[in-house]
Amino acid sequence: MPPASSMPSPSSAPSVTARLDRARPYALALFRVAIGLLFLCHGAAKLAGVLGGADGSGGTVPAGTWPYWYAAVIELVGGALVLVGLGTRAAAFVSSGAMAYAYFSAHQPEGLFPMENGGEAAALFCWALFLLVFTGPGALAVDGLFGSGRRAAERERSTLAA
């Protein structure tokens, strides 16, 4: 066993919380990419018939049908924007609202809870996207290449360093 003088003191070792705080922007970026990709896939399935399609057998949603086609466009475009981190907060806000509408108009009338009415995906997407409205895109986002995104990233880094 090494002598006590060579072991780091508890106060000099970085705390677990401090290390997790430094990783926060990257964990948030991973969350954003995963949510964006999954949301984009839902839109692509409905509009292009890929990944099983809108009906599970390769079908698509007829163009212009309310609200399904419009929701699919929001899923595709909003998912792509969230995925790359471009206009993340606005895209997440619109997408979250679309999922809230989907839940309350299509699922909630079938039962009170998402387990009863098949609305788990709509509810989870709604809340995950709503979280991104408040947290922003995290690291590695296209938003960070531009002025306001870069300033926000610098503010977050300075807050974490303090």
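The model is a predicted one, in which local features need pLDDT of at least 70 and side-chain atom pairs count only at pLDDT 80 or more, while totals for chains, interfaces and linings use all residues. Residues are numbered from 1 along each chain as its sequence is written, and side-chain values use heavy atoms, with hydrogens and water left out.

**The nonpolar patch**

Select Phe93, Val94, Trp127, Phe130 and Phe134, which make a nonpolar surface patch of about 590 Å². Such a patch consists of residues with over 30% relative accessible area and no salt bridge, the nonpolar side chains (Val, Leu, Ile, Met, Phe, Trp, Tyr) being joined within 5 Å. A salt bridge here is a side-chain nitrogen of Lys or Arg within 4 Å of a carboxyl oxygen of Asp or Glu, and the areas come from the Shrake-Rupley method with a 1.4 Å probe. Two elements, α3 (88-107) and α5 (120-135), each give two or more residues to the patch; α5 gives the most, with three. Helices are DSSP runs (H or I, at least four residues), numbered from the N terminus.

**The ring pairs**

Next, colour the aromatic residues: the structure holds seven aromatic pairs. Rings of Phe, Tyr and Trp (its six-membered ring) pair if their centres lie within 6.5 Å; planes under 30 degrees apart count as stacked, over 60 as edge-to-face, and the rest as tilted.

Select phenylalanine 39 and phenylalanine 125, whose ring centres are 5.0 Å apart with planes at 55°, so the pair is tilted. This pair links distant parts of the chain, 86 residues apart: phenylalanine 39 lies in helix α1 (residues 16-48) and phenylalanine 125 in helix α5. Both phenylalanine 39 and phenylalanine 125 are buried.

Return to tryptophan 127 and phenylalanine 130, an edge-to-face pair at 5.9 Å centre to centre and 80° between the planes. Both lie in helix α5, three residues apart, about one turn of the helix. Tryptophan 127 is exposed at 60% relative accessibility, whereas phenylalanine 130, at 31%, is partly exposed.

Then select Trp66, Trp69, Tyr70 and Tyr101, which ring pairs link into a cluster.

**The cysteines**

How many disulfides does a search of the whole structure find? The search finds zero, a disulfide being a pair of cysteine sulfur atoms within 2.5 Å. Finally, select cysteine 41, partly exposed at 26% relative accessibility, and cysteine 126, buried at 12%.

Notes:
Patch = residues over 30% accessible without salt bridge, like charges linked within 9 Å, V, L, I, M, F, W, Y side chains within 5 Å. Buried < 20%, exposed > 50% of the residue type's maximum accessible area, 1.4 Å probe, protein only.
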